[in-house]
Amino acid sequence: PRSTQSRSSAASDVYKRQVHGMTGAFLKTPIDSSLESLWDHYLAYFNRFQDTFFDLLNANGVMYQNYIRDAEQNIISQYPDHAPLTLFANRFSRESWESLNSNQYIWNDIVNRMLRSPEWFKGHLAKISFDPFVKRLLDIYDEASKYPHRQQIQLGILRNDFMYDSSRRNWEQVEYNAIAVSFGIISEKTHEIHELFTKSRSDYYEPGRIFQGPSTTKLFVDAFSQAFNIYGKQDAIVVFVVSDSEGNIFDQRHLEFELLRSKGIRSIRRTMAQILKEHKFDEQTGIMTVEGFEVAIFYFRHGYQPNHYPTETEWTARLLIEKSQSFKVPTVDLQLVNFKYFQLVLQEPKELALFVPDEEKRKKIEKNFAQIWGFDDSSKVKELRDMVAKNPHGYVLKPQREGGNNNIFEDEIVTTLDEALKKGSLDELKEFILMTRIEAIPKISVVARNRKLQAICSISEIGVFSYYISSPTQMLNNQVGGYLLCTKDCCMNEGGIASGYSFSDSFYLV
């Protein structure tokens with residue numbers, strides 16, 4: 001099965017050249033140059049080895065949980081399957097990797113400085129506080145920050161995502177993520193799978209050539225163990241704050257088990273409703289227990305969308321967690337400065353200079369900025385609408401939401417702006433940012449989902465993992481390590497592995 005969506009003629013030419021070149025290299029024989037024939041030869045070659053590949057995934061725990069639901073969305077059954085993966089690693093520029101990697105240290109410092117400036121971020125968020133979700137999180141921050149025993153040391157785990165724009169010939173930032181940062185362990189295992197599979201097929205990439213990079217698993221474990229030791233109670237636990245139907249449960253379980261295996265740190269998994277039901281909170285100390293265990297760290301793998309708070313129960317639980325002495329990953333203030341609105345704010349030179357006084361460091365950060373517009377000035381909405389109407393494909397309209405399936409593309413952007421202009425509801429547009437669409441260079445990838453192989457015209461996005469630990473006055477630790485390479489069909493607008501669009505990938509350096 002292949003995508004039937006249309007491609008530009010330029011992309012189609014690249015597509016055909018790559019299929020022909022790669023298939024010829026694999027088969028070592030002349031073949032018909034028609035695209036359909038190339039596809040058939042290409043997939044026929046890899047289908048010979050698919051059982052080996054799928055067994056490798058399952059044997060190494062590269063898994064994803066699937067759920068079958070009824071018409072009312074109730075879970076009928078569930079079953080594990082391999083995570084969506086590419087079969088082989090991609091090329092990646094060594095210079096680009098080193099640049100993105102080194103810049104992440106600066107980004108950690110920026111994010112930390114932003115959340116340590118509450119009057120600054122609250123002032124900016126006041127412009128979009130009509131959004132009920134933003135307002136509720138702000139209210140929780142205001143109430144929790146008054147509590148004297150709230151943990152003042154921050155542990156932030158981040159992933160900064162970039163795509164290479166073919167026309168501007170530059171790596172441009174898609175977004176930075178600070179809540180439910182995921183697929184770090186699966187990404188590392190993807191590298192291991194690619195290494196093993198290419199060794200078994202020595203006629204492809206040279207074994208050992210695939211870039212491993214720093215261990216993402218070690219990065220996460222080090223971050224949690226340092227915060228755990230700062231908390232200082234060896235019999236305390238980590239609570240993974242989760243939904244009742246986690247698809248990416250195995251990525252989380254790998255971290256949970258490695259914390260226990262290498263550091264002796266125990267974890268439990270609970271929903272916010274379960275936490276509220278089984279908790280005790282000591283108002284005199286800020287100590288919080290769940291099911292009798294003192295909690296050193298609450299790790300949020302849930303709680304980043306409005307529908308994650310269906311009742312007041314979840315909001316009450318979130319407030320109690322924020323007030324507690326426990327570490328929160330992330331705290332509500334870190335979640336607040338994670339809103340996409342701050343990508344727009346930081347593009348103002350005077351705003352960026354507040355957090356990056358060094359001019360050379362600012363230039364490094366600014367180099368990766370994609371062009372972004374906001375809707376704070378209602379008199380400019382019509383002008384922006386007309387700009388988009390000339391080339392709707394060239395832009396993306398992004399709301400203040402995480403988790404995929406939220407962005408607006410193509411002609412729907414114009415429709416959204418027209419409706420706002422017609423109704424006169426221009427203030428509601430302030431919750432959006434308008435970003436230039438990053439046009440990546442297409443390539444050929446063989447991908448696997450549900451034990452089926454596809455050859456697709458693909459584009460990729462790289463995320464750089466990092467963490468920091470800070471006190472109110474200084475950065476205590478600032479570390480970068482590991483990556484997530486997501487590859488998807490070049491015709492797909494949305495991305496994300498968990499949302500069903502992308503595939504975990506790895507790369508080798510050139």
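These are my notebook entries on a predicted model of a protein chain.

**Ground rules**

I number residues from 1 along each chain as its sequence is written, and I work with heavy atoms for side-chain values, leaving out hydrogens and water. Because the model is predicted, local features need pLDDT of at least 70 and side-chain atom pairs count only at pLDDT 80 or more, while totals for chains, interfaces and linings use all residues.

**Entry 1: the chain as a whole**

I started with the secondary structure and found 17 helices and 21 strands. Helices (H or I, at least four residues) and strands (E, at least two) are DSSP runs, numbered from the N terminus. Of the 510 residues, 56% count as buried. Buried is under 20% relative accessible area, exposed is over 50%, and partly exposed is in between (1.4 Å probe, protein chains only). I then looked at contacts, meaning heavy atoms within 4.5 Å. Among contacts with a separation of 6 or more, 73% are between residues 24 or more positions apart.

**Entry 2: the cores**

Next I looked up the nonpolar cores, which are sets of buried Ala, Val, Leu, Ile, Met, Phe, Trp, Tyr and Cys residues joined through side-chain atoms within 4.5 Å. Which residues touch the most other members of the largest core? They are Ile110, Val111, Met114, Leu125 and Phe298, in a core of 61 residues. Helix H6 (residues 132-145) gives the largest share of this core, with 7 residues. Another core, of 50 residues, lies apart from it and includes Phe197, Ala296, Val329 and Leu453.

**Entry 3: Leu57**

I found Leu57 in helix H3 (residues 50-59). Its relative accessible area is 0%, so Leu57 is buried. Beyond four places in sequence, Leu57 touches Val62, Met63, His82, Ala83, Leu85 and Ile193. I also checked Asp81, which is 24 residues from Leu57 along the chain; their C-alpha atoms are separated by 9.2 Å.

**Entry 4: a charged residue inside**

Glu431 is buried but has no salt bridge, that is, a side-chain nitrogen of Lys or Arg within 4 Å of a carboxyl oxygen of Asp or Glu. For charge, Lys and Arg count as positive and Asp and Glu as negative; His and the chain ends are not counted. How far from Glu431 is the nearest side chain of opposite charge? That side chain belongs to Arg401 and is 4.7 Å away. Not counting residues up to four places away in sequence, Glu431 touches Ile128, Phe130, Asp131, Lys398, Pro399 and Gln400.

**Entry 5: an open sheet**

I traced an open sheet of 4 strands in the order E13-E16-E14-E15, with antiparallel pairing. Strands count as paired if DSSP finds at least two bridges between them. Strand E13 (372-373) and strand E15 (408-409) stand at the edges with a single partner strand each, so one side of each has no neighbour in the sheet. E13 and E16 run antiparallel and are joined by 2 bridges, and Trp373 stands opposite Leu434 in E16. Helix H16 (residues 381-390) lies across E13, strand E14 (395-398) and E16, and runs at about 35° to E16. Axes here are lines fitted to C-alpha atoms, for helices over the stretch in contact, and angles run from 0 to 180 degrees between N-to-C directions.

**Entry 6: strand E20**

Strand E19 (residues 475-489) pairs with E20 in the antiparallel sense over 4 bridges. Lys488 has Ser502 in E20 as its bridge partner. In a regular strand the side chains alternate between the two faces of the sheet. In E20 (residues 502-505), I saw Ser502 and Ser504 pointing one way and Phe503 and Asp505 the other way, and all are buried.

A cis peptide bond joins Val329 and Pro330, with omega about 0°. Pro330 sits in the loop between strand E12 (327-329) and helix H12 (332-336).

Phe183 is a residue other than glycine with a positive phi, near 65°. I placed Phe183 in the loop between strand E6 (170-177) and helix H7 (184-200); Phe183 is buried, at 4% relative accessible area. Glu410, in the loop between E15 and H17, also has a positive phi, near 55°. Is Glu410 buried or partly exposed? Glu410 is partly exposed, at 28% relative accessibility.
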